[in-house]
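Here is a short report on backbone features and nonpolar cores. Please look over the sequence and the model before reading on.

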Amino acid sequence: MIDTSVNPSNIKIQLSSPDALLGTDITYPVITLSMPLSNSLTPGATFPLSIDTANTSFFDSTKAYTTLEFAPGTLTIAPVGSPYVSDVLPAGGLLPDRTLIKIFGAGFNANTRVSIEGTTIILPADQTLVSPGEIDVKICNGTVAATATVCPNNGTSMQLDGERVRVKDTGTNFVLEYYTYLRADDEPGSSANALVNLVHPMFSRLTYLFATIPLVNSGTQFTGLSLQNTNASDSGIKIELLDASNGSLANTSFILHGLGTGTAGKKITRDVIADLFPSPPAGATQIKVTVTSGPAVQVLGMLGDTSTGIVTPVIPQ
């Protein structure tokens with residue numbers, strides 16, 4: 001959640017995950033950030049990095065971790081002309097073998113080599129330097145001989161979401177890492193809840209054909225809902241309010257557009273009551289999201305409080 005009305009760097013991050021392994025792999029980051037840096041910074045200069053432990057908490061399903069240990073880090077300003085990555089397209093999804101992936105950034109040259117975690121190899125013939133700001137690669141999955149010069153195209157696919165993209169300058173041995181993430185465009189419109197409009201949802205790679213989320217609508221507390229379509233085709237969405245016996249009390253439907261409508265799919269983030277059911281029936285205790293047509297979509301629930309300004313992710317069931 002980003003609120004620049006407080007100060008330019010007021011960023012609050014709340015993470016929940018259905019994956020019990022979250023944060024247990026020391027070689028894989030829990031979260032990465034990408035941001036522009038001032039041109040006045042000196043190449044080679046270093047800056048300390050740390051985490052505000054007083055405002056950081058980690059929980060599992062049964063308890064909070066009261067003792068946290070963090071290793072301080074260092075940010076080093078890369079030499080002038082070093083390559084960097086600003087975006088990867090497509091940035092996620094299940095990709096068939098031989099899919100063309102575009103790497104965007106700057107500082108690319110004939111010495112630049114790209115590798116993507118989750119692919120077996122990117123053969124030299126499958127990497128094309130389009131310009132100093134773009135390199136195109138074709139993924140090659142499955143078993144590939146070390147001496148291969150042509151991808152066997154064995155029909156396997158890869159899940160690109162969250163994979164590590166390494167870009168190396170073989171002339172200087174400078175290496176950078178970038179993690180793919182699909183940033184879909186917003187569907188037109190916004191929420192009547194100002195706090196919801198500050199939220200930038202981060203979805204897991206899980207997709208749902210149907211999902212349920214507890215409904216909270218009491219005082220300053222509210223339930224939010226965010227959906228993202230990472231597919232090429234549109235998905236029909238039906239949202240219902242259910243009672244404690246799973247009986248349907250009210251519903252609304254809409255189309256969540258897919259990748260075929262532009263360079264990115266679409267997402268929508270709303271306050272369930274304020275935006276979707278402004279006159280909710282009595283007895284509603286949960287929300288049900290159903291994909292009525294098209295492929296499965298990513299779903300994220302939210303529990304928010306307008307008095308504290310806090311929004312916490314809720315994993316769908």
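Is R98 buried, partly exposed or exposed? R98 is partly exposed, with a relative accessible area of 24%. Buried means under 20% relative accessible area, exposed over 50%, and partly exposed in between (1.4 Å probe, protein chains only).

This is a predicted model: local features need pLDDT of at least 70, side-chain atom pairs count only at pLDDT 80 or more, and totals for chains, interfaces and linings use all residues. Residues are numbered from 1 along each chain as its sequence is written, and side-chain values use heavy atoms, with hydrogens and water left out.

**Backbone**

Most residues other than glycine have a negative phi, and most peptide bonds are trans.

N246 lies in the loop between β17 (235-242) and β18 (248-256). R98 is in the loop between β6 and β7 (100-106). Strands (E, at least two residues) and helices (H or I, at least four) are DSSP runs, numbered from the N terminus.

L89 and P90 are joined by a cis peptide bond, with omega about -10°. P90 sits in the loop between β5 (84-89) and β6 (94-96).

**Cores**

A nonpolar core is a set of buried Ala, Val, Leu, Ile, Met, Phe, Trp, Tyr and Cys residues joined through side-chain atoms within 4.5 Å. The largest has 21 residues. L225, L227, I237 and V272 have the most contacts inside it. A second, separate core of 18 residues includes V85, L95, I122 and V167.
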